[in-house]
Amino acid sequence: MRMPQLVTDPGTRQTDRYEIVAPQQKESFVDSTRINGTGSLPSPPGYVGRDDDDLFRQTLNQARLSTVALVSANAPIWRSSAPYEDFSHGGYSWNNDIWGGRGAGPQTISVYADNRWSVWSNQPNTGGIKSYPHQAFNVGKPLSSIKTLTGSFNQDVPSGGAWDTAYDIWDSSHQNEIMLWTNHTGNPDGSGNVKPISSQYDTSGAAIPVYRNVNVGGANWNVFVGSNGQRVISLVRTSKTDSGTVDIKGVLDWLKSKGYFGDINVGSVQYGVEITGSAGGANFNFKNCSVTST
């Protein structure tokens, strides 16, 4: 009889099995400590059984589906970096509207849903507005036939730069432009690094309002009037905000009562951001913006 020989199983490091070889007989012995209660070898450390494996695969597939759903929810339905590229969906349209000419920098607009969009813009800190990326809703009715016209907004904006978020409302003849500033990096009194168009400026360069602290449309405003090829009437909120609702019909009726125009045909109601400077790039996220009219 030969001495016991160490036997190594292929694919394993080493087992506790020894083999005794006799001239006419071979008998294998397995260490009893390797036998579990059912008479089978226990799973080695790190081994995953069939039931565990099936559960793991099911969990992994669910995680993959959740990830795909999350990516789909966050993926834009349209995106563009072209200067005047536009897109229409669900009764709204969007335009990248980089109209600042050669002095303007790169900008990308992304639309995620009918009420949710964003823009990244990198504009040099030089004078003059470079762009007005915006969402638009066409009304196409005389003011007198409009029962309600309401805008709602909710947004995230950068703390720096030079910009204003505003409604831009046009009559169909483009003779009147009405702007409603909701937030901006300037000052409500017409001073600062962004100013509304005005026919009068003081010695410091600040625009002079024709009306102050007017309560209309659900907020208080300073009112500025000027010209930019057409009459421009700008209402600047006396308190800045990144969310709210504006009674646009109420504002237009008030302006009509002041004699600025008659029964105009209300055309496009736009909401977006006029960007003068955003050096290095800035994100503007419009999380819930809508216009409704009856």
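Ile169 is buried, with a relative accessible area of 1%; buried here means under 20% relative accessible area, exposed over 50%, and partly exposed in between (1.4 Å probe, protein chains only). This residue is a handy way into a predicted model, in which local features need pLDDT of at least 70, side-chain atom pairs count only at pLDDT 80 or more, and totals for chains, interfaces and linings use all residues. Residues are numbered from 1 along each chain as its sequence is written, and side-chain values use heavy atoms, with hydrogens and water left out.

**Around Ile169**

- Ile169 sits in strand 11 (residues 162-171); helices (H or I, at least four residues) and strands (E, at least two) are DSSP runs, numbered from the N terminus.
- Beyond its neighbours within four places in sequence, Ile169 is in contact (heavy atoms within 4.5 Å) with Asn176, Glu177, Ile178, Leu180, Ile248, Val266, Ser268 and Val269.

**Strand 17 and its partners**

- Strand 17 (residues 265-277) is largely enclosed by the rest of the structure, because 12 of its 13 residues are buried.
- Asn138 has Ser268 as its bridge partner in strand 17.

**Nonpolar cores**

- The largest nonpolar core has 46 residues, and Leu180, Leu235 and Val266 have the most contacts inside it; such a core is a set of buried Ala, Val, Leu, Ile, Met, Phe, Trp, Tyr and Cys residues joined through side-chain atoms within 4.5 Å.
- A second, separate core of 8 residues includes Ala162, Met179, Val194 and Phe224.
- Leaving aside neighbours within four places in sequence, the contacts of Val266 include Val139, Leu143, Ile146, Leu149, Ile169, Trp170 and Leu252.

**Salt bridges**

- The count comes to 2 salt bridges, each being a side-chain nitrogen of Lys or Arg within 4 Å of a carboxyl oxygen of Asp or Glu.
- One of them joins Lys287 to Asp156, with the closest N and O atoms 3.2 Å apart.
- That pair links distant parts of the chain, 131 residues apart: Lys287 is in the loop between strand 18 (282-286) and strand 19 (290-293), and Asp156 is in strand 10 (residues 149-156).
- Lys287 is partly exposed at 36% relative accessibility, and Asp156 is partly exposed with a relative accessible area of 36%.
- Asp253 pairs with Lys249, their closest N and O atoms being 3.5 Å apart.
- Asp253 and Lys249 are separated by about one helical turn, because they are 4 residues apart in helix 2 (residues 248-257).
- Asp253 is partly exposed at 31% relative accessible area, whereas Lys249 is buried at 13%.

**Around Ser121**

- Ser121 belongs to strand 8 (residues 116-121) and counts as buried, at 0% relative accessibility.
- The side chain of Ser121 makes a polar contact with the side chain of Gln123 (3.0 Å); a polar contact is a pair of N or O atoms within 3.5 Å, where within protein one must be able to donate a hydrogen and the other to accept it, and residues adjacent in sequence count only if both atoms are side-chain atoms.
- Setting aside neighbours within four places in sequence, Ser121 is in contact with Pro106, Gln107, Ser131, Ile275, Ser278, Gly281 and Ala282.

How values were computed. Two strands pair if DSSP finds at least two bridges between them.
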